[in-house]
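Colleague: I am new to this one and would like to go through it with you. Could you show it to me first?

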Amino acid sequence: MAGILEGKGVTKYFGGLAAVHNVDFYVHEGEIFGLIGPNGAGKTTLFRIIAGIYAPTSGQIFFRGKEITGRKPYEICRMGITTTHQVVRPFLDMTVLENVLVGAAFGRGWVTGATRDVRKEAMRVLEFTGLAPKANVLAKNLTLPDRKRLEIARALATRPVVLLLDEVIAGLNPTETLQTMQLIREIRNQGITIVMVEHVMQAVMGVSDRIMVLNYGEKIAEGSPQEVATNPQVIAAYLGTSLAV
Amino acid sequence: MTLNLAILFVSAVLVAGVYATMSYGLALIFGVMKVINLSHAGAIMLGAYVAYVLIVGLKMNPFIAAVVVVPPLFFLLGILLERVFVRPVRKAPPIASLLLLFGVWLMMQNIAYIIWTGEVRTITTPYTMMRFNLGAVPINVNRLAVFLVGVFTLLALHQFMTRTYLGKAIRATAQDSAAAKLAGINTDQIDMVAFGLGTALAGMAGALTALIYAFDPNFGGSYMLKSFCIVVLGGVESFLGVALGSLILALAETLSVLWIRAGLQDFVSFVILVLALLVMPGGLPELFQRRFAVRQR
Amino acid sequence: MKGTVRTGRILLLLGVLIFLALIPVVGRGTYYQHLGFLTFLFITLSIAWNLVGGYAGQISFGHVVFFGIGAYTTSILWLRGIPQLLTIPLAGVAAALYGLLWGWPCLRLRGPYFSIATIGVGEATRLLALNLENLTGGAGGLTLPTPEDIRLYLFGFYYMGFFLMLGSLLISAAIRNSRFGLGLFAIRMDEDAAEALGVNALSYKILALMLSAFLVGVGGSLYAQYILYIDPGTVFGFSMSVNMILMPIIGGIGTLWGPVLGAVIFTVIQDRIMTLSLNLWGFTFKLVQFHLLVYGALLVLIILFEPRGLVGLAERAYRSVQRWRQAKAMVPTTG
């Protein structure tokens, strides 16, 4: 398997505090790569660096071997890396369909010409994510689980190569959790590489091929879910939180 | 040349005192509520007119009028504005409160126009023409008094903010409103007090400025822009920042006369405003902090 | 059913347009011709402001600069011998370039910070125009040559104003249904989310500003040629910026027809109501003294109670009428 997304010595300081410190990572094409760690471990910061929202203090990010450090968020999306937001941010006054249209009309699909008919592409994504019956509902009238689903649908409409999912499961009930886990697997089966930050251990352990653990901005472990779960450093970091699946 | 420079420098410092008073009002409201108060200009203008009524109409001592009578009146006005207009849109996007307070400013302008007409007014006090010489530099007593009042007000406020419970609560709310609420601070009340204080400062600054410059119902707009400029330069958190920002702006304006015509003096402050917004969104304090943080590492 | 409503609307629109086109033919140089020209101008300005303030959600308090640049470009070029009609597109281009000049840095600022910067830009530009006497004539302004047949001349400009308004409306409508419009709406609702989905927010905002500036610049150019005298206090005055904010907000910010409605109402208020005077308790009040109070109060009320302005109000009324009809239709079956 070829490497698709890679970070070398990624570091980000806010003021004098290191949010992410000297993190290396390597994501294989087509895998589901989980990113976990206690609160404030730097997971979301790392996502934002990859997505181009923050410029790293030092270090580099590579996508398909090409450096993308410091690119703007929209450029990174058009190259094929799309990020969802931890706090869902739908365009509230647009319908579900219009929300997804934005992704289809501006993302990689449109730029590369893969998406010819924007509306058709948006409908395809809505069918795939199960939101089609709500296509004409205003986003502000959606429930939280639907908003989370819309967040994923909108990102999918950009036709990403790599999809960064930031806590799309937290806050869902068990049935919805299972639904979303299945959706994530289906997305991967379409050939899209997934990097996910997740607090719900059961979910992230269940779907990830490999997992990286951050603590205080540093990488403390990486490996299969089993390797990570038995790593003493990880257990120490999560002391008090149950890792038992 | 050096004498000229000294005169300009002194006049810049004197102007900075008033600038600091009005900017601090704006900074306080923004810091606590994250609301950009476009009615600030209206409060400055109304402050000038209220002072006019008190001093010219009721023959009150100008400084008693500006320092003792105007601020409490405008504190009440500020509380009223906050309760009636600002509170209902606190949860709306920031643009809503901006436009709403802009509407309030338009109304204030019109009210002043109806009561006092559009005629340009001045307040002449016994101190207006008085001056003494400090070395070779002539100093206008009136301007010096206005400067001193401004400075003392800020020092008194600083004591209030650092020593009293209410002051500490205001600072806490400015730093993190959610956390302040969790700590048992009634943030709604703090918002109200902050808006009242900010408006009181604007009114006082307007009254003080009216002792130096002529005014009409449009008065206040350019001072509000200058206040923005100072707040952007100096940040919203510290007195020192506001004082420094005021001084920088006053110096830049005053010294600009050496190179460009007087009519373009305000041009300098507007350009500084736009540049400052672009270059340093966190203001001078953040710039210092950044330097400091780098050294720490 | 839906089709007939649509044809009805189009017929109504056509009727209004034909009526407007006939006004000067029926009575040349009349009062209504002037009123018509001013209304077209204000509708154009209102629509143009709405492209940036409504569609893209970037509230500009400095839009008058484009009006002034347009007016001055035309006047200066015309006085230097450039053919009068050629100066019109040049005025638009100059305004658009000025938009690029300050929009490129300032549109990096978000929300209220952009708004404050625009106040600064507006005032700085006015002061500059006031002080560059060699170019602008300073506070004294510029007087343009009076054409020989002033009636025929103004007759022509009535139609230019008419077509400028029509063009602005078509552009505004086209943007609403385009990819460009979708991007602008996304930016208004959440700029970060839009960027994350591939929208180049800065470029889009700059493009919207330049397009808006072009229309306002052409408007300024027509204004200068119609009035034949301009000065910085008028064509760079803050109150013109205020008008440009008030009209679309009164009508319905971000909508297609709101800015048109707002501008019409605004012009009618200016023209009809503001010239009235009232006699109360022995005092005579001229209503023009209250115009800022009226507009300020309108602005406050709209933001407090109906952020979508008159269009929002109309939609609400329409819905409640429908609900009332439905309720009435239900009564016999239950009773």
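Predicted model: local features only at pLDDT ≥ 70, side-chain atom pairs only at ≥ 80, totals over all residues.

Colleague: Let us begin with A:Lys12. Why is A:Lys12 called buried?

Modeller: The relative accessible area of A:Lys12 is 13%. Buried means under 20%, so A:Lys12 counts as buried. This residue lies in strand 1 of chain A, residues 3-14.

Colleague: What is A:Lys12 in contact with, leaving aside its neighbours within four places in sequence?

Modeller: The list includes A:Leu17, A:Val20, A:Ile49, A:Tyr54 and A:Pro56. A:Thr45 and A:Thr57 are also among the residues that A:Lys12 contacts.

Colleague: And A:Ala105, why does that residue count as buried?

Modeller: Its relative accessibility is 4%. The cut-off for buried is under 20%, and therefore A:Ala105 is buried. You will find A:Ala105 in helix 3 of chain A, which covers residues 96-106.

Colleague: Which residues does A:Ala105 touch, apart from neighbours within four places in sequence?

Modeller: In chain A they are A:Trp110 and A:Val118, and in chain C they are C:Arg179 and C:Leu182. As for A:Thr158, 53 residues away along the chain, its C-alpha atom is 7.6 Å from that of A:Ala105.

Colleague: Now to chain B and chain C. What makes the pair B:Arg261 and C:Glu133 a salt bridge?

Modeller: Their closest N and O atoms are 3.1 Å apart. A salt bridge asks for a side-chain nitrogen of Lys or Arg within 4 Å of a carboxyl oxygen of Asp or Glu, so B:Arg261 and C:Glu133 form one. The count between chain B and chain C is one salt bridge, while five residue pairs are in polar contact across that interface.

Colleague: Which elements give two or more residues to the side of chain B that touches chain C?

Modeller: They are helix 4 (94-116), helix 9 (221-234) and helix 11 (265-279) of chain B. Helix 4 gives the largest share, 17 residues. By type, that side of chain B divides into 29 nonpolar, four polar and two charged residues.

Colleague: How much area do chain B and chain C bury between them?

Modeller: About 3,200 Å², with 86% of it on carbon and sulfur atoms. The contact takes 35 residues from chain B and 35 residues from chain C.

Colleague: Where are the domains of chain C?

Modeller: The domain assignment gives domain 1 (30-271) and domain 2 (276-335). Taken over C-alpha atoms, the domain centres are 28 Å apart. In the contact there are 14 residues from domain 1 and nine residues from domain 2.

Colleague: How many salt bridges does the rule find between those two domains of chain C?

Modeller: Zero salt bridges, but there are four residue pairs in polar contact. On the side of domain 1 that touches domain 2, helix 12 (238-251) and helix 13 (258-271) of chain C each supply at least two residues. The largest share, six residues, comes from helix 13. That side of domain 1 has nine nonpolar, five polar and no charged residues.

Colleague: What area do domain 1 and domain 2 of chain C bury between them?

Modeller: The two domains bury about 1,000 Å², 78% of it on carbon and sulfur atoms. C:Leu246, C:Ile249 and C:Ile250 supply 45% of the area that domain 1 buries against domain 2, more than any other three residues.

How values were computed
Residues numbered from 1 in each chain as written. Chains lettered and ligands numbered in written order. Heavy atoms only, no water. Contact = heavy atoms within 4.5 Å. Buried area = accessible area lost by both parts, 1.4 Å probe. Polar contact = N/O pair within 3.5 Å; in protein donor to acceptor, adjacent residues only side chain to side chain. Helix = DSSP H or I, 4+ residues; strand = E, 2+ residues; numbered from the N terminus. Nonpolar A, V, L, I, M, F, W, Y, C, P; charged D, E, K, R; others polar. Buried < 20%, exposed > 50% of the residue type's maximum accessible area, 1.4 Å probe, protein only. Domains from an automatic or database assignment.
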